[in-house]
Amino acid sequence: MAKIELQLPTIQNWSCQSCGICCRQHQIAITPEERERILGQNWTAADGLADPERLVEPHPQGTKERPFRLAHQPDGSCVFLDERGLCRIHAKFGEPAKPLACRIYPYAFHPAGKQIAVGLRFSCPSVVANAGAPVDSQHRELQELSKQVVPAGYRQAAPPKISPRESVDWPGVNQVVRHLDETFADESASFPVKLLRALGWVDLLSQASLAKINGSRLNELVTLLRQSAAVEHERLPETIERPSRIGRVMFRLLLSIYARRETQEELDSPLKSRWLSLRSTVRFAWGGGRTPRLHETLPAVAFRTIESPGWTLPAGSDALFTRYFRMKIQGMHFCGGPYYDFPLTTGFFSLALMFPVIVWLARWIASGQSRRALEFQDVADAMAVADHHHGYSPVLGLAPFRKRVEYLHRLGDLPRLIVRYAGGDSAPTSGPEGIR
């Protein structure tokens, strides 16, 4: 197999900190070959396993390629997770003996023309914390992993569309991605302002006809759009327009997906999972009373408390959000095959929603601890909760979700949500009041 050229991020560190959280929140799907290898490792009760005969089980939501999963302990954690939070397979046989899914996480490998872009999942707290060695110093290890992830004979995948109606070649896509990354790399503006600028010029690009625009002409067009957006968005507006009523409902419906963590019982009972999902969807659509319990870090609190004005972003959140967005952009984890085949512009609108989603969840975490001021850890924890689903939850790839993103864009509610949850909700507001 020809050597795969990797595109590594230069702004992110990561090394496993042995927190064991990934072993508690993921279903580890495995192949029949991995199943046979694990069962052939001759595990006994002396290894700390209560039932060595039940290490692997059929996966109720598995695929033809990965029909099995590692069994789980009563608390939902992987059967191979020991009391110290370490993997028994790794400790006894070394990392290569673990299932491929365990070895890859939190890395992700996505097409970027003739290269493969390497990204990371922020559902891992160590990724959020930027803890460990620089990713670009781990080229050898990632090269070995890529050989097992990238299909044999890979040359180049089809580029994502720029918008639902317009397409360009891979060099054109990579130009737009580079401009997005540069927009967020600008250190002269706050993160919310950079997000408004990116949203502004991507919105204009989504309306452009690109039939005869490519190469240097596409670069010139995006440069002009960026300059225009920078002039229009020099700072956050002093007076904000309240998101529309239907926009607020659709935003809360998205929150009900990003906040949810299914229990082991729900994962094993699709019918119960759908019933609980429907119940939480109705509660979020209403937006009154108290929030349903969807995650162990998100207790029931009043919707009104989370939506009340006066919240501000804590120190350090600007840098965290900048790194998060640049990693998603550099890693191509917001459009095309890695993101439900969304066009680049629609995918970026979806990514832009992650900012108000994460801030809303951070307020929820703080409110659950009877605090009315956000701390940096609230934002970090909320980011890990929300990113668990980004690009991986099948629900987010369905047509209703894409339509919600498109409606929020068409209604003009995306910038309103960004300003509101950036702390603009304490500024004078136009439009009707009331959280619902």
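Student: In strand 6, which residue is the bridge partner of A112?

Tutor: This is a predicted model, where local features need pLDDT of at least 70 and side-chain atom pairs count only at pLDDT 80 or more, while totals for chains, interfaces and linings use all residues. Residues are numbered from 1 along each chain as its sequence is written, and side-chain values use heavy atoms, leaving out hydrogens and water. Strands here are DSSP runs of E, at least two residues long, and helices are runs of H or I, at least four, both numbered from the N terminus. Look in strand 6 for the bridge partner of A112: that residue is Q115.

Student: How many bridges join strand 5 to strand 6?

Tutor: Two strands pair if DSSP finds at least two bridges between them. Strand 5 covers residues 107–112 and runs antiparallel to strand 6. The number of bridges joining strand 5 to strand 6 is six.

Student: Which residue in the turn of that hairpin has a positive phi?

Tutor: Strand 5 and strand 6 form the hairpin, with two residues between them. The phi in question is about 75 degrees, and it belongs to G113.

Student: In strand 6, what is the bridge partner of Q7?

Tutor: Strand 1 (residues 6–7) pairs with strand 6 over two bridges, in the parallel sense. In strand 6, Q7 has as its bridge partner A117.

Student: Why is strand 6 largely enclosed by the rest of the structure?

Tutor: Check burial first: buried means under 20% relative accessible area, exposed over 50%, and partly exposed in between, with a 1.4 Å probe and protein chains only. Strand 6 spans residues 115–120. It is largely enclosed because, of its six residues, the number buried is five.

Student: What is the strand order in the open sheet of three strands?

Tutor: The pairing in this sheet is antiparallel. Strand 2 (29–30) and strand 3 stand at the edges with a single partner strand each, so one side of each has no neighbour in the sheet. The order is therefore 2-4-3.

Student: Which residue in strand 4 does E57 stand opposite?

Tutor: Strand 3 and strand 4 pair over three bridges in the antiparallel sense. E57 stands opposite a residue of strand 4, namely R69.

Student: How far apart are the closest N and O atoms of E57 and R69?

Tutor: These two form a salt bridge, meaning a side-chain nitrogen of Lys or Arg within 4 Å of a carboxyl oxygen of Asp or Glu. E57 lies in strand 3 and R69 in strand 4, so the pair ties together parts 12 residues apart in sequence. Both E57 and R69 are buried. Their closest N and O atoms are apart by 2.7 Å.

Student: Is E34 buried or exposed?

Tutor: E34 sits in helix 2 (residues 32–39) and meets R66 in a salt bridge of 3.4 Å, N to O. R66 is partly exposed, with a relative accessible area of 25%. At 7% relative accessibility, E34 counts as buried.
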